[in-house]
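Please read it alongside the sequence and the coordinates.

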Amino acid sequence: MFSPNLFDSPHMFDMTHKTSEGELGKIRDDDYETKSGTETMDVPSGDEQDPNQRPKKKRYHRHTQLQIQEMEAFFKECPHPDDKQRKELSRELGLEPLQVKFWFQNKRTQMKAQHERHENAILKAENEKLRAENNRYKEALSNATCPNCGGPAALGEMSFDEQHLRIENARLREEIDRISGIAAKYVGKPLTSFPHISSHLHSRSLDPGASNFGTQSGFVGEMYGGGDLLRSVSGPTEADKPMIVELAVAAMEELIRMAQSGEPLWVPGEKSTDVLNEDEYLRTFPRGIGPKPLGLRSEASRESAVVIMNHVNLVEILMDVNQWSSAFCGIVSRAMTLEVLSTGVAGNYNGALQVMTAEFQVPSPLVPTRENYFVRYCKQHTDGTWAVVDVSLDNLRPSPMSKCRRRPSGCLIQELPNGYSKVIWVEHVEVDDRAVHNIYRPLVNSGLAFGAKRWVATLDRQCERLASSMASNIPAGDLCVITSPEGRKSMLKLAERMVTSFCTGVGASTAHAWTTLSATGSDDVRVMTRKSMDDPGRPPGIVLSAATSFWIPVPPKRVFDFLRDENSRSEWDILSNGGLVQEMAHIANGRDPGNCVSLLRVNSANSSQSNMLILQESCSDATGSYVIYAPVDIVAMNVVLSGGDPDYVALLPSGFAILPDGPGLNGGGILEIGSGGSLLTVAFQILVDSVPTAKLSLGSVATVNSLIKCTVERIKAAVA
């Protein structure tokens, strides 16, 4: 790009300067005008002298100030006057034409000298700048390597962009080698260098932008006041970080192959799903987190779908712990990012690396949660596909043996031309699930409880929900439809908080502020209590949450339709006291007509309940359904429907989680989800005392126990 000879000649511009000075030496007096401004020689110029004539003594004449001013003014208009102009000017100024001629010659020479001196100064400065830049490039390139052989590279073998990249790679390689040495000292195992992930170690300012899901802080369980168990987990040590990088890169390679491979790694199963060939897996991926510990069962699944969201927003949701936990609140009961090792490069999550901990649940107190300590790695591949992978770090955590560890799991996201995305999800875990209740064991063993199908179905439903909330072309023909964009947004935000609050109290997790009561008088009902104080989203006082799960021989679709229908509500809802329930407003949440947010009004004979409103969200997908509701104040809801802030509306959600009891036989004798019975979880949250400092009475516990049992009996009788 630059010629070495050019920069090896530092006097290139100095030579020009010397030549100019030589020409200036021909001037009789360099400061002729500047010193006197009025002197001139009354002798002919050298080319007009007679060679045989003896040179006369120089005679100088001083011009007057008026003569100088007139000639200066004429010079500005015409620097090269002809004979006629010189004679006319000499006649006006009282000078000889030859004097005028000499003055103009000297003036032109003087102006040329000034211009050359100024230009020379500029060229000198630029020459020094180029010389310094050349020296800097030479020094930098002395350490450059050849892109082919890795040896020293000479000038001209590569572009400057490549040169800079090679220099940066060399620096990062030295850094990895240094960290590898530290790792070898502490863990006794050298770290393999991965030059192609060096750029992932760069940092950028983390600016996740506007969140589509969730408003809570970095720790999801925090909004419910708990999370001591997760908080006790510390981030990785400096010695662990090189091992984490190595493990994340290997996990990414494994995820890509797991997502794209067919037989013999994946073989067709009898339930129209792919089944992982364990022997082939061990032969294909000998590296990783090590062999399966004794007592753990392998669980692997793969699922794909096209979702109505672009790849940028999907990556944002997966890499932001708040959005991820809110979007998958039915699966993720709590989550926290312990440390961000890399935020990515080029202003996005390409190369982002996060150490996290999370607890995964099924919406039932009868299925133990699965806690994982893992690293999440995001990468954009050369074909434009994004991949996000998780892999457990249990071997780096000084704790008893985990009951669940996460082998490389995650998803591939491929951008589609219409703004949609194709997602391929892989879930691969090893788990001790012996504590699962017998009625949930078929669901868990089939992989439907925690597997890829549930993740993809939830993601698809949430993408539809978000697309519906952003829709602007809402028909105004139905009086119940909320057409105001502000009202729709505010009501959906309130419903989202209600669903998240319900999910935190319905599962088996005890990490939140709930306290499980041991002596409730019932073995099949879990009763928890919490004190609500200074929380604008909940009424102050003592809140009881009761949950129970049971099996009924009715397909999930039928149970879902029965529970969400306002016309059948009086058959099971004790609190409505037999009143007529009417839908006042609703917002569609997807293609399924059952997916919607509704505002219901209970017209009760009791005058004290005549103005009671119920906010309800019903949602269903291929792996499960929810019907969640909460009584709301009519004044507060009017504010919400007008686009007001929904965060100050107090909610105590109750509701139902409906899951299939496992793959069953449909009418044609083919195994499919939802063709058998249903696993129904019923949960209530009730304010039993409006004074937060009051003590919980046994009568309150008995009341909530009776309430939930009565509701269960009514549902069983109604859907039988």
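Helices α15 (residues 485–506) and α17 (residues 634–641) pack with their axes 7 Å apart, at an angle of about 130°. The model is a predicted one, in which local features need pLDDT of at least 70, side-chain atom pairs count only at pLDDT 80 or more, and totals for chains, interfaces and linings use all residues. Residues are numbered from 1 along each chain as its sequence is written, and side-chain values use heavy atoms, with hydrogens and water left out.

**Packing of α15 with α17**

- Axes are lines fitted to C-alpha atoms, for helices over the stretch in contact, and angles run from 0 to 180 degrees between N-to-C directions.
- The angle of about 130° makes α15 oblique to α17; angles under 35 degrees count as roughly parallel, over 145 as roughly antiparallel, 65 to 115 as roughly perpendicular and the rest as oblique.
- On the α15 side, Gly487, Ser490, Met491 and Leu494 meet Met637, Val640 and Leu641 of α17, where contact means heavy atoms within 4.5 Å.
- This contact of α15 with α17 comprises five nonpolar, two polar and no charged residues.
- In these classes, Ala, Val, Leu, Ile, Met, Phe, Trp, Tyr, Cys and Pro count as nonpolar, Asp, Glu, Lys and Arg as charged, and the others, Gly among them, as polar.

- Helix α14 (residues 452–469) has 18 residues, which at 1.5 Å a residue should span 26 Å; its end C-alpha atoms are 26 Å apart, in agreement. The expected span is 1.5 Å times one less than the number of residues in a helix.
- Of the 18 residues in α14, 15 are buried (under 20% relative accessible area; exposed is over 50% and partly exposed in between, with a 1.4 Å probe and protein chains only).
- The axes of α14 and α15 cross at roughly 150° and come within 10 Å, which makes α14 roughly antiparallel to α15.
- Arg465, Ser468 and Ser469 in α14 meet Arg488, Leu492, Ala495 and Glu496 in α15.
- By class, the contact of α14 with α15 has two nonpolar, two polar and three charged residues.

- Arginine 406 is found in strand β10 and is buried, with a relative accessible area of 3%.
- Arginine 406 and glutamate 427 lie 8.3 Å apart in space, C-alpha to C-alpha, and 21 residues apart in sequence.
- Lysine 403 lies in the loop between β9 (386–392) and β10 (404–406) and counts as exposed, at 60% relative accessibility.
- Lysine 403 touches Leu296, Glu430, Val431 and Asp432, with residues up to four places away in sequence not counted.

**A cis peptide bond**

- Glutamate 263 and proline 264 are joined by a cis peptide bond, with omega about 5°.
- Proline 264 belongs to the loop between α9 (241–260) and β3 (266–268).

- The chain contains 18 helices and 23 strands; helices (H or I, at least four residues) and strands (E, at least two) are DSSP runs, numbered from the N terminus.
- Of the 720 residues in the chain, 48% are buried.
- Among contacts between residues at least 6 apart in sequence, 66% join residues at least 24 apart.
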